[in-house]
Amino acid sequence: MENTPHPPFRSFSSASSASLNSSSTNITRVPSGPLLTLNSALNRTSSAQDHMYHKAKVMLKALAQVEGMTPYLNAAYTAAERCAEQQALALPQQLQTDGSSANAFRASVGSGGFSIHSGQSSASQNVKNIEKNCIFTFTAGILPASLSTDPVTELWKLLQQGVPLCLLFNAACPDTKKIEIDPSDDLNTSKKNVYLFLCEYQKHPSFSSDNMFTISDVYSDSSHDLLKVMKVVSTVLDKLGPQTPEENSIPDIGELKLTDDKSKVFRELIQTERKYLADLELLLAYKQELSNADAISSEQLHLLFPNLNEIVDFHRRLLNGFECNTNVPTKYQRIGSVFLHASNGPFKAYEPWTIGQISAIELINREAPNLRKASSILDPGFELQSYIIKPIQRLCKYPLLIKELIKAYSDCADTECYYELQRASVAMKDVANQVNEAQRRAENVGFCQSLMERVNNWRGFSIKDQGELLYHAAVAVKDGDNEKEYIACLFEQILFFFSEVPSHESKHKEKKMREFLTSRKKSSSGMSSSTANLLENLNSVKDKTSLELKGRVYVSEIYIINSLNLPGYWLSISWTGKKGSGVFKLRYKTEEVRSQWEACLRQLKQNEIDARHRRSRDSRGSLTAYESHEYPHNDSPVSHPTRVDGTPSTQRHHSSSSTMSMMKSSKNQPNSSRVSSSSTNGHQMHNEPVSPGSIVAINLIYKKSRIEQPLLISSGASFFELHSRISAHIASSATVDDDVVISKLKYKDEDGDYVVMDSNDDWSLAVDMLEELFEADETAERALTIWVS
């Protein structure tokens, strides 16, 4: 196998390790490839004048000066007001409908953009999309209570009447034959007037027909089409005569006096959104140049820019929604509703972008010469690749911006604005997590394919039989006094450990790459340090150095999982297998990664318990109704307290080299005393029936807070099941908001002394104590209070 030398996997920075395994708001996708001189695009700022809100306001002001325009402006205002009311009514209903569902509503995004209602269109498909997307205007969210319309929708409704276009042309071109206007307001007549305007515009020598729009563009619900119409209208307005500075003056949030923290945070939100939208539109122009030059295939173009048109289209509405809240008293602002609208469907358009990002970067590296010939807007080296990651970076920035807004608006906690911001914070975190989860899964697929190539000897294991790859990370493994670094890969069935076999060539290239990146960080003012670090991380992600399988632990062999309160981020795992048992510790780069691995392992064990319960219920098909009542579904007794493999035992692979060969077997060490005889020899007891036992009520006190509902569990359950059920029960409690981390369980014995519980034997002693108390007093409840810390 030919290996391309890269930096060794263990050289991941902490940010890299976190991003590889994160479902939070970290960004993992970054470009690799040749780094060339950046042009001014990355540093280019964006002002209000560059965007639709300002352009529409200026255009409405100018059109109001045209003779005979007033009645049509009034009609447009009324139509836009009606659209805003429809959106204000539909959006809360949609939020309530989708709020009760675990799967958030996904927008139906088509090639034409997000659907908006056109009052003069009878297309049933558009109406259907409206009802789903709740977009009736060119503004996301609900308008502030002090506003009735937004300028973009108002301009849109004005131009759709047709007559205003004719009035404008007659006023701007008095030397030509005037267009004969039909004042009727039905749809066909309006389209006829638009047609007459287009005919006269093309005939006039002062105007170019290169950027003409069509009649359908006027009645389209896409911002791309509306901008084409506005561009032509602006050309005619220029011929009408230059506007005075007063006529062209629109207040800008960036020019307002910063009076308090609210205005500072809100200004940052709008300014960064303007810059982001300008970057997206630059990327859209680049895409168009590539398409015109026919440099790459349409499939490759879609791979580079999936959903770009739709993303740009909605972000114009998003920015318009933010700008509608400027110069509005706090009690009337609806900033949170803009985010709620976005999270309720449109932002799901980011998922295809996220999933295909690695492939897009590989395509850029492969097709760089063709891309460079086709367009000069962006260089296909670092510059284009840095633009490719911007959408996901921006999406994951929104929760942080909302957090700052909530902090700034804390003195307005009794307002609708503050309430909506709190809801928006939860919704946007969920969107970011969903996108990152899709990103992680897509990345895992690629990493798994790479893994099959990089491992020379699988020692008889088949990676296809181990289920889905869930997490992978560079970890330090400590067994006794020994600590070594490995690449850990957690599959549904097994946990693999690999070590790298770096070649001399890979070490040399790693050194050169790091020197190059360091010089780039120092010399490029246009590249942030975080982006440069992300570039470095991806070079590690795409590592092709050979790996050697050093050990494995089946998930079914794990029976205790604990996070440790030690310097660093440690996870202790107790295991028992056919060839031994023991305890080892994993140290992760960040607490977040450790928490994710711990939660995943606990969920895998809970899945085992649930599967065991199902098998147990199937084997007790002849139970009486009384027995079924005594052992309900949620508290079914465990068939036995030992491990159960998810696949038939004959399919398990036990070669001499497949055990945890990197660790000393602790079969005769003190740690193994924590494993009861039933646990150690569980594989020999697979078919032995175990008495289900009686039901015990567990009263839980977690960090000095009592959990209201007791946990019901069988006295015959294993300690691991008890531990897992306690963790799940606390996590589902309404009184606990933080992540549940359990390091110690303890109860009081007959003398009132605290006893720490960390094994099957300890749990059995506690059950025996309850039985003795019950035998002494049959009126006593089988209830045990456990303190969890």
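Predicted model: local features only at pLDDT ≥ 70, side-chain atom pairs only at ≥ 80, totals over all residues.

Visitor: Okay, how many salt bridges does a search of the whole structure find?
Guide: The search turns up 25 salt bridges. One of them joins lysine 203 to glutamate 200, with the closest N and O atoms 3.6 Å apart.

Visitor: Where do lysine 203 and glutamate 200 lie?
Guide: Both are in helix α7 (residues 187-203), three residues apart, which is about one turn of the helix. Lysine 203 is exposed, at a relative accessible area of 61%, while glutamate 200 is partly exposed at 23%.

Visitor: And what about glutamate 323 and arginine 274?
Guide: Their side chains form a salt bridge at 2.7 Å, N to O. Glutamate 323 sits in helix α12 and arginine 274 in helix α10 (residues 261-293), so this bridge ties together parts that are 49 residues apart in sequence.

Visitor: Is glutamate 323 buried or exposed?
Guide: Buried, because its relative accessibility is 3% and the cut-off for buried is under 20%. Arginine 274 is buried too, at 3%.

Visitor: Which residue does arginine 594 bridge to?
Guide: Glutamate 591, at 3.9 Å, N to O. Arginine 594 is buried at 8% relative accessibility, whereas glutamate 591 counts as partly exposed at 45%.

Visitor: Which residues are linked in a network of salt bridges?
Guide: Glu437, Arg440, Arg441 and Glu468 are linked that way.

Visitor: Switching to rings. How many aromatic pairs does the structure hold?
Guide: There are 22 aromatic pairs. Take tyrosine 471 and tryptophan 597: their ring centres are 6.3 Å apart and their planes are at 40 degrees, so the pair is tilted. Tyrosine 471 belongs to strand β1 (residues 469-479) and tryptophan 597 to helix α22 (residues 591-619), so to speak distant parts of the chain, 126 residues apart. Both tyrosine 471 and tryptophan 597 are buried.

Visitor: Why is the pair of phenylalanine 496 and phenylalanine 498 called tilted?
Guide: Because their planes are at 45 degrees, with the ring centres 5.8 Å apart. Planes under 30 degrees would count as stacked and over 60 as edge-to-face. Phenylalanine 496 is buried at a relative accessible area of 0%, and phenylalanine 498 is buried at 0% as well.

Visitor: Which residues do ring pairs link into a cluster?
Guide: Phe314, Phe322, Phe339, Phe347, Tyr350 and Tyr398.

Visitor: Now the backbone. What's the phi of asparagine 307?
Guide: Near 65 degrees, a positive value in a residue other than glycine. Most residues other than glycine have a negative phi. Asparagine 307 is in the loop between α11 (298-304) and α12 (308-323), and is buried at 17% relative accessibility.

Visitor: And lysine 703, where does that lie?
Guide: In the loop between β8 (695-702) and β9 (705-706). Lysine 703 has a positive phi of about 50 degrees and is exposed, at 52% relative accessibility.

Visitor: Last topic: which residues gather in the patch of negative charge on the surface?
Guide: Glu750, Asp751, Asp753, Asp768, Glu772 and Glu775. Among them, aspartate 753 sits in the loop between β11 (745-748) and β12 (754-756), partly exposed with a relative accessible area of 44%.

Note on methods
Residues numbered from 1 in each chain as written. Heavy atoms only, no water. Patch = residues over 30% accessible without salt bridge, like charges linked within 9 Å, V, L, I, M, F, W, Y side chains within 5 Å. Areas by Shrake-Rupley, 256 points an atom, 1.4 Å probe, with all protein chains shown as cover. Salt bridge = Lys/Arg side-chain N within 4 Å of Asp/Glu carboxyl O. Lys, Arg positive; Asp, Glu negative; His and termini not counted. Charge placed at Lys NZ, Arg CZ, Asp CG, Glu CD. Helix = DSSP H or I, 4+ residues; strand = E, 2+ residues; numbered from the N terminus. Buried < 20%, exposed > 50% of the residue type's maximum accessible area, 1.4 Å probe, protein only. Phe/Tyr/Trp six-rings, centres within 6.5 Å; stacked < 30°, edge-to-face > 60°.
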